[in-house]
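Please view the sequence and the structure together while reading.

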Amino acid sequence: MSLVLSALDQSVSLAGSSEDAAIRDSVSLAAHCEAEGYHRFWLSEHHALPTIIGTAPEVLMAAVAATTQRIRIGSAGVMLPHYSAFKVAEQFRVLEALAPGRIDLGVGRAPGGDMRTAMALNPQAHHAAEHFPQQVRDLQAWTSGQPHNGITAHPRGPHAPQVWVLGSSDYGAQLAAHFGLPYAFAYFFMDGQGVEQALRLYRDLYRPSERHPTPQPTICVWALAAGTEEEARHHALSRGRWRVDRARGVLGPLQPPDAVAARGFTEVEMATTVDAMRRKALVGTGEQVAAMLQQLADQLQLGEIVINTWAHDPAVRRRSYTLIAQAMRGA
């Protein structure tokens, strides 16, 4: 069976462009990924960050629903402790009405920003994460369109959003298994560290649910393809610079690769961040990246992988998704 490809977009701000342009680019990228045969298009949630500026995936999802026909559209994810589970259920029932049978509701426990911002989103933020399991349970019930605790989330209809648990640790894996929900591991957060353990726990502890009688795991990786390996590695410099700067607590728009190459990296930066990142990077030609994705899928026994790609030039990013999809179809 061929590997199913999906996409995750984070609405990354680009040096020399505007943040609102990044939001519009997310919408147009979804249509591009649909044309290339991607199965899902997920949108992330972050707050008060100058690099990843997608703050409201539920709003972006509505725009994507209006400009696509087939591709599944999802949040990856809604940071549930910031919000009322009932209100999130209402939002996603509305999205399900706009795009019947195409909505994924991915939820996470992390704040998606600093604690001061978390407090601005929810004054009870210090304790909110403790209630995450209860929120997931309530969300499952309300998104189904049936009454729960005497309350119904409207609009009702024949379809219901598919709830996913997202995570980068054993916690999310065990929670998804407990509720019988699909699970997505954020492989790109830590270059895959802990993925085997998390997926093993998820599968071993899985409790079948009516909608999901068997485990449904996936991972989200960072990958970039270009016409040549050298070209791909050049464009990947932008993310390399961001990773180095993030480690120093310096955040900002994604820099162009030419500027990063001209500046270079110090010996310390190479030794502590860049070399390790390059060893694990899924970067190369479309055929090379497709082969690496397939190897990873075989190793982890996955039928689907979600791809996240950063590039300073939106055309390079689109080309990357195209090259990987073409190579996978030709494999």
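How do the residues of the lining of the largest pocket divide into nonpolar, polar and charged?

## The largest pocket

In this predicted model, the lining of the largest pocket divides into 19 nonpolar, 13 polar and three charged residues. The pocket holds about 570 Å³ of space, and of the 35 residues that line the pocket, Met79, Ala110, Gly167, Ala186 and Phe189 lie nearest its centre. Two or more lining residues come from each of strand S3 (72-79), strand S5 (162-167), helix H7 (170-179), strand S6 (183-185) and strand S7 (217-226).

## The second largest pocket

The second largest pocket has a volume of about 340 Å³. Its lining is made up of 16 residues, and those closest to the centre are His46, Ile52, Phe189, Trp242 and Arg246.

By class, the lining of the second largest pocket comprises nine nonpolar, four polar and three charged residues.

## The chain as a whole

The secondary structure of the chain consists of 14 helices and nine strands. With a radius of gyration of 19 Å, close to the 20 Å that the globule rule gives for 331 residues, the chain is as compact as a globular protein of that length. Taken along the principal axes, the C-alpha atoms fill a box of roughly 60 × 45 × 40 Å.

Of the 331 residues, 54% count as buried, while the accessible surface of the chain comes to about 14,500 Å², of which 54% belongs to carbon and sulfur atoms. When contacts between residues at least 6 apart in sequence are considered, 74% of them join residues at least 24 apart.

## His212 in its loop

Where in the chain does His212 lie? His212 is found in the loop between helix H8 (195-205) and S7, and S7 is also one of the strands that give two or more residues to the lining of the largest pocket.

Is His212 buried or exposed? Its relative accessible area is 6%, and because buried means under 20%, His212 counts as buried. Leaving aside neighbours within four places in sequence, His212 is in contact with Gln162, Gly180, Leu181, Pro182 and Tyr206.

Notes:
Residues are numbered from 1 along each chain as its sequence is written. This is a predicted model: local features need pLDDT of at least 70, side-chain atom pairs count only at pLDDT 80 or more; totals for chains, interfaces and linings use all residues. Side-chain values use heavy atoms; hydrogens and water are left out. On a 1 Å grid over the protein atoms alone, a cavity is a set of points where a 1.4 Å probe fits but cannot get out, and a pocket is an open set with protein on both sides within 12 Å along at least five of seven lines; lining residues have an atom within 4 Å of a point. Grid points are joined across faces, edges and corners, and a volume is the space filled by probe spheres set on the points. Helices (H or I, at least four residues) and strands (E, at least two) are DSSP runs, numbered from the N terminus. Ala, Val, Leu, Ile, Met, Phe, Trp, Tyr, Cys and Pro count as nonpolar, Asp, Glu, Lys and Arg as charged, and the others, Gly among them, as polar. The radius of gyration is taken over C-alpha atoms; the globule rule is 2.2 Å times the number of residues to the power 0.38. Buried means under 20% relative accessible area, exposed over 50%, partly exposed in between (1.4 Å probe, protein chains only). Contact means heavy atoms within 4.5 Å. Accessible areas come from the Shrake-Rupley method with a 1.4 Å probe; for residues, only the protein chains shown count as cover.
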